[in-house]
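Colleague: I'd like to learn how to read a model like this one. Could you walk me through it, feature by feature?

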Amino acid sequence: MYILAIETTGAFASVALANAEWKNSKVTSFEILGHIDGNDKFSHLQNLTPQIQQILEESGLSIGDVSVIAVSHGPGSFTGIRIGVSTARALSQVLNIPCAAVSSLEAMALRQFWDGDREESRDVSEESVVCPIIDARRSQVYGGGFKAAEEVIPCGPYTVEEFMDAILAKGITEVLFMGDGIDKYQSLIEDLHRDKQMESCNIRYADAPVRYQDADTVAYLGAKAAAAGKLCGFEQLKPNYMRMAEAERKLKEKQKNG
Amino acid sequence: MADVVIRQATIEDAEQIFEIENMCFPDPWSLESIEYEFEENPRAFYVVAEHSGEVVGYAGLWWIEDEGHITNVAVKPGYRNRRIGEGIIDVLLDYTIHEGIRHHTLEVRRSNEPAINLYEKFGFQVEGVRKGYYQHNGEDALIMWRHASDEEIAEAIRMMEDRFTILAIESSCDETAAAVVRGGRTVLSNVISSQIDIHKAYGGVVPEIASRHHLDNINHVVRQALEEAGQAAGSEEPMTMDDIDAIAVTYGPGLVGALLIGLATAKAYALATGKPLIGVHHIQGHISANYIEHPDLEPPFMALIVSGGHTNIVEVTDYNECHVLGGTRDDAAGEAYDKVARVLGLGYPGGPLIDRIAKEGNPDAVEFKRVFLEKDSMDFSFSGIKTGVLNYVNSEKQAGREIHVADVAASFQQAVLDVIVKKTVDAARKMNKDKIVMAGGVSANSHLREMMESECKKHGIKLYYPSPILCTDNAAMIGCAAHYKYRAGGSDDLTLDAIPGLPL
């Protein structure tokens, strides 16, 4: 079965095409057939459909051969999320094929545990907790912590300080940060690490080539969702913003206060 | 031949065709060759004449680019001289010309005079000879050709355009809309999901919230548009993408986050179906709403576009050609209405609210300045009058006087419309246009319509405006504009991007 994967929640978009099989709730084979990285920052709308067309052409397939659309549905850039989700929905609607809604954080973290077609450790020790953090502006991130496939810090919106507190509370000794939250908040993270006396927790940052979102792991989580029977129709495919619109938040606050 | 039906042939007819073939020709086609025509040969096209359920004649051709090579024509013995052959050829030519064939050719025995006469009657002429072509007696074959006339081609193109069906999407501001438009001006469906009640709570459109709702709604709106189009076309079934010839979408101007939902969706549809993608300018759409409303309307004319986002005077010289003569230098007219409505505590959206309450007020109660800018300028400025209203309200409040909202609304509206109407009519007269076309949300304003009607009448100008449903943002107008763009050879590739400030 061919899985088309879309990842547009970060600054650079990517698409991947995978051939996967599954049986008894398990992915039994998985192979990436094609992958295209967007070169232009935040030009997802312009490039996404041409990239899908290109990846199919290069693989000698047509869009009608695709069985599942896997899409990273957030968190991340609101606009990016919407481009990915609306493209996935429209393809699903016209082609009458199901979608897999994949967490951008989980897919990002998987890059550290995943080596091609095997879901195994790559760059991290057994103690390591991989923490993808996506910049949510004003000292906030969308983040989570993963130890292999286990979500040890729940994915959600945090201030950077709240996130450091969560690491502290879990008694984590080895953290590998990922995501564009590093680029924005590395010095804040280090200040908090010092101020909160977190000497017992060693912090590392993922290297740039494996730091950000990527469609390959979205395709893999799409295959896992298919194996687990967790696909959905286009009507059920929803964006995962993790935060309400600023105007809505202010309005609710105003209504609450009086 | 009243009881004879001529229709496209199917594989079910193969055996009866084979029988007639055997009765009529000394070297007939085998049953396998005939079946091959139906099952395998993508170029083959056959029609049969049917009488009481029995096949009594047939003809076939091979479709090669714009040529139709007629392979065989036969009428069952016992049914001849009933003009059945004539009927078959007539249908075959008519149908294939409309589907794009421009040249028809066939071979006929030199001795078969009745057939040659028949073909000549249909405009075939001998253009060559194949010596000894027929194997069983070595007889010559005459090669006859028929070339479609310019009138036939024009008629075929016109009929093709009349059938051309566009699925259109519009999401540039706060309405999520989809429509199916056939032949440019026939609206088969026009579905609009308005977010106006959601944005009322914020006193205006919040881009992030609009974008979120567009995403929530768009696929359902499209589905509903296809369902309603199916019914409108007389079918029990909803339309599918197979019934659609092209996908149209607004790509600017508008809110970028809102535009991109429509665009991403339309591009994915185009990718998934291989149908052409047609990007449409939102204002071009508003103008085209009038083509839907007024089937006789054709360019050239002067257009006034007034809405929450636009105030433009545009000279429309052809379907795809226009020149912006003037626009607003600050607020759009609809924007000024919204802001003044807020100052007067009327709510959102301001246009219809002010229009309604102004009917009860005195338009001469307060003297607001009419801003005409430089002499002969066709531009607008509405920020001054907006401030004027605010200052008036504040000073009245400070003086402890009660504000008569209806009077202020009527006076504000009069000041704005005086300028709009004068500039538009002046522009039409200056550029020698005998038609003025209004478009956009504010063109639904009743006082604007009254004033414009009376000014146009004075100067012998004919006024056009769409019904309210076509004044607001909708996708039918986008489908109509797309039709004329595509007809002129315009379409877009999948790199089409949202352009928030797209110039006209």
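Predicted model: local features only at pLDDT ≥ 70, side-chain atom pairs only at ≥ 80, totals over all residues.

Colleague: What is the peptide bond between B:Tyr348 and B:Pro349 like?

Modeller: The general idea is that most residues other than glycine have a negative phi, and most peptide bonds are trans. Here B:Tyr348 and B:Pro349 are joined by a cis bond, with omega about -5 degrees. Another cis bond runs from B:Pro299 to B:Pro300, where omega is near 5 degrees. You'll find B:Pro300 in the loop between α9 and β13 (301-306) of chain B.

Colleague: And which value does phi take at A:Ser25?

Modeller: A positive one, near 65 degrees, though A:Ser25 isn't a glycine. A:Ser25 sits in the loop between β2 (14-23) and β3 (26-37) of chain A. A:Arg137 also has a positive phi, about 65 degrees, without being a glycine; its place is the loop between β6 (129-135) and β7 (140-147) of chain A.

Colleague: Let's zoom out. How many helices and strands does chain A have?

Modeller: Seven helices and ten strands. For overall shape, you compare the radius of gyration with the value for a compact globule. With 258 residues that value would be near 18 Å, and chain A has 19 Å, so the two agree. The C-alpha atoms of chain A fill a box of roughly 55 × 50 × 35 Å along the principal axes, and 49% of the residues in chain A are buried. Of the contacts in chain A with a separation of 6 or more, 71% link residues 24 or more positions apart.

Colleague: Which domains is chain A divided into?

Modeller: Domain 1 (2-105 + 213-248) and domain 2 (124-205). Their C-alpha centres lie 26 Å apart, and the contact takes eight residues from domain 1 of chain A and ten from domain 2 of chain A.

Colleague: And what about chain B: which domains does it have?

Modeller: Chain B is divided into domain 1 (4-102 + 148-157), domain 2 (163-298 + 474-487) and domain 3 (303-466). In chain B, 15 residues of domain 2 touch 18 residues of domain 3. On the domain 2 side, α9(B) gives the largest share, six residues.

Colleague: How do I read the contact between the chains?

Modeller: Start with who takes part: 27 residues from chain B and 27 residues from chain A. On the chain B side, α7 (207-232) and α8 (256-273) each supply at least two residues, and α8(B) has the largest share, with twelve. By class, the chain B side has 17 nonpolar, six polar and four charged residues. As for scores, the model has ipTM 0.96 and pTM 0.86.

Colleague: Last one: which residues touch the most other members of the largest nonpolar core?

Modeller: That core has 194 residues, and the answer is A:Ala5, A:Ala70, B:Ala168, B:Ala178 and B:Ala179. Helix α13 (residues 405-430) of chain B gives the most to this core, 13 residues. Look at A:Ala5 too: beyond its neighbours within four places in sequence, its contacts include A:Val15, A:Ala70 and A:Val218. A second, separate core of 33 residues includes B:Ile17, B:Ile20, B:Tyr46 and B:Tyr58.

Note on methods:
Residues numbered from 1 in each chain as written. Chains lettered and ligands numbered in written order. Helix = DSSP H or I, 4+ residues; strand = E, 2+ residues; numbered from the N terminus. Rg over C-alpha atoms; globule rule 2.2 N^0.38 Å. Buried ≥ 20, exposed ≤ 12 C-beta atoms within 10 Å, placed from the backbone. Contact = placed C-beta atoms within 7 Å. Domains from an automatic or database assignment. Nonpolar A, V, L, I, M, F, W, Y, C, P; charged D, E, K, R; others polar. Core = buried A, V, L, I, M, F, W, Y, C linked by C-beta atoms within 7 Å.
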